[in-house]
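Please look at the sequence and the structure side by side, and keep both in view while reading the explanation.

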Amino acid sequence: MKKYSEEFLEIAQPIIVHESYIKMKYIKHHNESVYEHCMDTAYMSYRISKRMGMDYVATTRGCLLHDFYLYKFKKGKGVRFFSAPLFHARNHPLIALENAGKHFVLNQKERDIIKNHMFPIGVPRSGEAWIVTFVDKFLAVCEYSLRVKKMTFNKREVKIGT
Ligand SMILES: [Fe+2]
Ligand SMILES: [Fe+2]
């Protein structure tokens, strides 16, 4: 069981209990689900922004919603193998922003965090959005590494088993 602080959960509560948000638990992303990725990214961003005396409420809320695109990303084959990730990288922040706007009231900073978290495709306008951008990239690398590690371990297990 992961440990998040009480204050973080209090800020996150109105978003993470929403029926549309819970759908992200069933969408795979990197090593886990989009839900877990957003929770981890938001918690790390919350801690950094709080320590730096920044708007940690907007950081938490915006970050929780930065990948609220609600579809399963597929790489495809051939030319699409290259175009699909680019398409996804460019469009998913806008889709997430649109979805978030349907269900939650967002301020300017929260909108900036969601829309511009894919730097250099988007350019963050606030310190809070820069924090989320860097934390998102850092955790994406960590999550991918864990996934590769898991896959390598599983292959070894199969070899030993055969
Ligand atoms: Fe994203
Ligand atoms: Fe992300």
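Predicted model: local features only at pLDDT ≥ 70, side-chain atom pairs only at ≥ 80, totals over all residues.

Residues are numbered from 1 along each chain as its sequence is written, and chains are lettered from A and ligands numbered from 1 in the order in which they are written.

A nonpolar core is a set of buried Ala, Val, Leu, Ile, Met, Phe, Trp, Tyr and Cys residues joined through C-beta atoms within 7 Å. A residue is buried if 20 or more other C-beta atoms, placed from the backbone, lie within 10 Å of its own. The largest such core has 26 residues, among which C38, A42 and A96 touch the most other members. Helices are DSSP runs of H or I with at least four residues, numbered from the N terminus, and α1, α3, α4, α5, α6 and α7 each supply at least two residues of this core, with the largest share, 7 residues, coming from α3.

Leaving aside residues up to four places away in sequence, A42 is in contact (C-beta atoms, placed from the backbone, within 7 Å) with A12, T60, C63 and L64. T60, C63 and L64 are among the buried residues of α4, a helix that is mostly covered, with 8 of its 9 residues buried.

R61 is also found in α4, and R61 counts as buried because 25 other C-beta atoms lie within 10 Å. Beyond residues up to four places away in sequence, R61 touches I11, I15 and E110. R61 and A12 are 49 residues apart in sequence, yet their C-alpha atoms are 6.5 Å apart in space.

Notes
Buried ≥ 20, exposed ≤ 12 C-beta atoms within 10 Å, placed from the backbone. Contact = placed C-beta atoms within 7 Å.
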